[in-house]
Amino acid sequence: MEAKLLHRSMSPFAPTRVHPLCGRANRPLRSRVIAVLTRPAKDAVGVGEKTVTTTTTTRPEGDAIVTKYEDSWFDLMAANHLSRSVQGTTGIRSKKSGYGGLVEAASAAYRSLNPAEQQDHVISALEMAFPRPILNMMRTLMPPRSKFTREFFAAFTTVFFAWLVGKCEVRESELDGRREKNVVHIRKCRFLEETNCVGMCLNLCKMPCQTFIKDSLGVPVNMVPNFDDMSCDMVFGQDPPAISDDPALKQPCFKLCQAKQKHSGTCTS
């Protein structure tokens, strides 16, 4: 197959703190996302004014589609900020910068800590990354059980956190007998694709994020990863199932998991 350009994704400007960066004013920020399916490893395809060299990688279940990101200054600053927060809580240092540094810090924490410690450290890192006064103000001004609040957080996530999770969009679901736009659909999770590990997805993303959002903003959220295609749905306003009933926690790890090389449910515990 010939390499094909699929799309570009927008990552607009936002204030610093959770995952911030600084940069040019009066221009929209773009984080180019290039997904390629290749046969020759060194064929080049023109993308706008840039030339991208395609590469082939085998993904968890033989999927050869690899997503490549060209991060904007905002994306890099946001990744660096969160990476420093993770390193600050775990004491584990990374010499890399940008998203690679975040993944390296998270991988080191995953190898060194047990699941409970991993989740606690991520929650602490998120608390460091988000100013407490801002969180308190948002919780005060936005009623936690309102449709507006759920839809606001869904829209906010797609705008300001695409750098972290990849291309995402708002979708509808039925809640309390009515339709509302309270779901963030992540088409292919960047963090899961980078780590190739179910355990890291669950212990360093799903579980701590669900707890942090509920405790900090008062809004329950259920993160539902699809390990077949690496997509994920964040359903604001929906409580996650009990740990013993959550299908995600019973998922065996990928065959190409590099974190612990445990290809069973034990990779998540």
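How are helix 1 and helix 2 oriented to each other? I started my notebook with that one, and the answer is that they are roughly parallel to each other. For the record, angles under 35 degrees count as roughly parallel, over 145 as roughly antiparallel, 65 to 115 as roughly perpendicular, and the rest as oblique.

**Ground rules**

I am working from a predicted model, where local features need pLDDT of at least 70, side-chain atom pairs count only at pLDDT 80 or more, and totals for chains, interfaces and linings use all residues. Residues are numbered from 1 along each chain as its sequence is written, and side-chain values use heavy atoms, with hydrogens and water left out.

**Entry 1: the chain overall**

I counted eight helices and nine strands in the chain. Helices (H or I, at least four residues) and strands (E, at least two) are DSSP runs, numbered from the N terminus. Of the 269 residues, 50% count as buried. Buried means under 20% relative accessible area, exposed means over 50%, and partly exposed lies in between (1.4 Å probe, protein chains only). I also looked at contacts between residues at least 6 apart in sequence: 62% of them join residues at least 24 apart. A contact here means heavy atoms within 4.5 Å.

**Entry 2: helix 1 with helix 2**

Back to my opening pair. The axes of helix 1 (residues 73-90) and helix 2 (residues 98-112) come within 7 Å and cross at roughly 20°. Axes are lines fitted to C-alpha atoms, for helices over the stretch in contact, and angles run from 0 to 180 degrees between N-to-C directions. Helix 1 passes helix 2 in a left-handed crossing. That label applies if the near helix is turned anticlockwise from the far one by less than a right angle, and right-handed applies if it is turned clockwise.

I then listed who meets whom. Helix 1 brings Leu76, Ala79, Asn80, Leu82, Ser83, Val86, Gln87 and Thr90, and helix 2 brings Gly98, Tyr99, Gly101, Leu102, Ala105 and Ala109. By class, this contact has eight nonpolar, six polar and no charged residues. The classes: Ala, Val, Leu, Ile, Met, Phe, Trp, Tyr, Cys and Pro are nonpolar, Asp, Glu, Lys and Arg are charged, and the others, Gly among them, are polar.

**Entry 3: helix 3 with helix 8**

Next I checked helix 3 (residues 115-129) against helix 8 (residues 198-217): their axes come within 9 Å and cross at roughly 55°. The two helices are therefore oblique to each other. The crossing of helix 3 past helix 8 is right-handed. From helix 3, Pro115, Gln118, Gln119, Val122, Ile123, Leu126 and Glu127 meet Asn203, Leu204, Met207, Pro208, Cys209, Thr211 and Phe212 of helix 8. This contact divides into nine nonpolar, four polar and one charged residues.

While in helix 8, I looked up Ser216, which is found there. Ser216 counts as buried, at 4% relative accessibility. Beyond its neighbours within four places in sequence, Ser216 is in contact with Arg132, Leu135 and Arg139.

**Entry 4: salt bridges**

How many salt bridges does a search of the whole structure find? I got ten, a salt bridge being a side-chain nitrogen of Lys or Arg within 4 Å of a carboxyl oxygen of Asp or Glu.

- Arg132 pairs with Glu127, the closest N and O atoms being 4.0 Å apart; Arg132 is partly exposed at 36%, and Glu127 is partly exposed at 40%.
- Glu169 pairs with Arg171 at 2.9 Å; Glu169 is partly exposed at 23%, and Arg171 is partly exposed at 39%.
- Lys188 pairs with Glu193 at 3.3 Å; both Lys188 and Glu193 are buried.

I also found Arg150, Arg178 and Glu180 joined into one network by salt bridges that share partners.

Val184 lies in strand 7 (residues 178-186) and is buried, with a relative accessible area of 0%. Leaving aside neighbours within four places, its contacts include Ala154, Cys168, Glu169, Met234 and Phe236.

Is Asp176 buried or exposed? Asp176 is exposed, at 71%. It sits in the loop between strand 6 (168-175) and strand 7, and has a positive phi of about 55° although it is not a glycine. Met230, also not a glycine, has a positive phi of about 65°. Met230 is in the loop between strand 8 (221-226) and strand 9 (231-236), and is buried at 4%.
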